[in-house]
Amino acid sequence: MSKSLIMETDASLLGVELEQKQQEGLYQQCLLQTMGKVQSENPPSKVICPQPGMCVKTFSVSDKKKVFLNICQSQAVPPPPHLSQEALVDLLESEDPTSYRVPMSLGEPHTEVDNSSQGCTVYDVVINDEFFQKCQKDTLFQQFLIAVSLEGLENKYNLELSRDIKVLKNRKFMGSIAEQNIRTKSKPIIQEIDSKQSDSFPSSTKRPEFSLLVEPPSGNAEHLIAEILLPGVISARSLVLDLGEDRLVLVAQPPLFHLDIFFPLLIDQEKSVAQFNTNTQTLTVTMPVASS
């Protein structure tokens, strides 16, 4: 995850605080660069044992050979952003319905034997267990999940899979389900700043109020704008912001606030800009949507 430099703005004190802002900017940049080195040396990951979910049958377009998807579930995989059925309908009618990001772990292909004693290729797809249950209860969400799983496998393994699919009723998986090594959430950023902090945030740490806007509101999205309210925070120097291609992590020191959210779209971290307004105590993060 790349780090974003937080800039402080106060319209009434722009001239007086210019030098202070520059110093805070340098402080923040050096701090984030140091943390980036620490995190890159030890990329966080762990091995998970996915639980069975449902099995989907399709075939490879190139050779017409059977392919099965074991769509599995695990608490270790984060859930996607909340999406109502009405919002899903609007998404499916949009120009790019796959812009909504569903966190998933795509396993390596493995060869199995089907009920006809014939060889077949199987892929394990792991998603959040609560989102899986939601898809089981709603046919539209289930169809959407299968569609994004197929596209994810096609993109990762350079495949072309048929959309003529069949959900097997009496089988939750084909063959076996292998363990997977997935990236985990990074440890609290504040640990890299103060080694005396414990491994978890104090109970007094709050999740701040925030809004996530898409610009323009209709058509192809060009920017995501996060507005985060941080009452009690008086300086950008107390903020640590960490941006990934589909994730934002924010910590306010001392641990007043902690926010960890995933985005429905991929963003360009390098071109993202963050500004903290001392008057309204609001952090605004403007993130260009990555070009597909």
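Does F131 count as buried or exposed, and at what relative accessibility? At 7% relative accessibility, F131 counts as buried, where buried means under 20% relative accessible area, exposed over 50% and partly exposed in between (1.4 Å probe, protein chains only).

The model is predicted; local features need pLDDT of at least 70 and side-chain atom pairs count only at pLDDT 80 or more, whereas totals for chains, interfaces and linings use all residues. Residues are numbered from 1 along each chain as its sequence is written, and side-chain values use heavy atoms, with hydrogens and water left out.

Rings of Phe, Tyr and Trp (its six-membered ring) were taken as paired if their centres lie within 6.5 Å; planes under 30 degrees apart count as stacked, over 60 as edge-to-face and the rest as tilted. By this rule there are two aromatic pairs. Y123 and Y157 form a tilted pair, with 5.4 Å centre to centre and 40° between the planes. This pair links distant parts of the chain, 34 residues apart: Y123 lies in strand β8 (residues 119-128) and Y157 in helix α4 (residues 139-157). Helices (H or I, at least four residues) and strands (E, at least two) are DSSP runs, numbered from the N terminus. Both Y123 and Y157 are buried.

F131 and F141 form an edge-to-face pair, at 6.4 Å centre to centre and 80° between the planes. F131 belongs to helix α3 (residues 129-137) and F141 to helix α4, 10 residues apart. F141 is buried, at 2% relative accessibility.

L256 is located in the loop between β14 (247-252) and β15 (257-262). With a relative accessible area of 35%, L256 is partly exposed. The C-alpha to C-alpha distance between L256 and L230 is 8.7 Å, and the two are 26 residues apart in sequence.
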